[in-house]
Amino acid sequence: MTASTKPFLLALALLAGAASSSNAVVLFTDNFDATSNQTPNDQINNPGRQGGSLATLGYLQANNVQIGNTATLPPSPGSGLGDEFLAAFGGTAYVNYDFSTQTLPLEISFLGLISSIANTGPTSWVSVTVGDATGVPFVNGGNVSSVLFRANGGTEVWNHGANAPGGTYTAPGFDVWTDYKIILSDTAGTGSAFGSGGSRMDYYANGVLLGTLNITQLTAGQGYIGFAADRIVGYDNLSIATVPEPSAALVGVSGLAGLLLLRRRR
């Protein structure tokens, strides 16, 4: 690379970064910080701790879910005891909003932990689910898709009642907070998973892509995102955001970069 091209390439990189993030919108965040510990179940629908453009949403919940329990989960990074969401023994909670109204891919990220208490062994799991709100469905319901992240580093994808093994990652074991993320999109990876272009799920652990799977077409009314547990698990720092599609500016940047490389080769 010559000295004369360095400033130009730097400008292209900066423009590309600005273009790629121009359409991103943080829709919903929740740090699950309790206002009063040791009073579980009364903090779940407290909107004061939430952020994003949909910050006042609550949850559709069932069975054993708690916030403010200081006796079961270790604190997540940067949080105090009890400042996490706990689900146990069939407990489920969905954000009370149908994200199928969004027109861009969705990124769902959170910290997850599998408790050593009452676990069923190394296949115990945390999960993220998407589906309709009928009965707050469990991970293997016919109206829901989900990814299970297991203590042994294995994953399992449920697709509207059918399951398949997925990619693997470094086994977190028990009582360890781990970064998880899934992206829901159409099969091209650029549009909504709830339109007519198919549905795709990309899932990550600690920033590493573990798998990509085309799932049954998600439709309007099937955009409720949430969590479920068969044993005792913890969740923290939930974030749901749109993923920007490539913009015209970014396409233009790519074209300029190609012209520059062609000129240099000549």
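Predicted model: local features only at pLDDT ≥ 70, side-chain atom pairs only at ≥ 80, totals over all residues.
Me: Why is Val 65 called buried?
Reply: Buried means under 20% relative accessible area. Val 65 has 1% relative accessibility, so it counts as buried.

Me: Where does Val 65 sit, and how far is Val 65 from Ala 93?
Reply: Val 65 belongs to strand 3, residues 59–67. Val 65 and Ala 93 are 28 residues apart in sequence, with 7.4 Å between their C-alpha atoms.

Me: What makes strand 8 mostly covered?
Reply: Strand 8 spans residues 155–159, and five of its five residues are buried. Thr 155, Val 157 and Asn 159 lie on one side, Glu 156 and Trp 158 on the other, and both faces are covered.

Me: How do you know that strand 7 and strand 8 pair?
Reply: Pairing takes at least two bridges. Five bridges join strand 7 (residues 144–150) to strand 8, so they pair, and they run antiparallel. As one example, Ser 146 has Trp 158 in strand 8 as its bridge partner. Between these strands the hairpin has four residues, and Gly 153 takes a positive phi near 90° there.

Me: What makes strand 8 and strand 9 a pair too?
Reply: Same test: at least two bridges are needed. Strand 8 and strand 9 (residues 162–165) are joined by four, so they count as paired, again antiparallel. Here Glu 156 has Pro 165 in strand 9 as its bridge partner.

Me: Which residue takes a positive phi in the hairpin of strand 8 and strand 9?
Reply: That's His 160, near 50°, in a hairpin with two residues between the strands.

Key
Residues numbered from 1 in each chain as written. Heavy atoms only, no water. Buried < 20%, exposed > 50% of the residue type's maximum accessible area, 1.4 Å probe, protein only.
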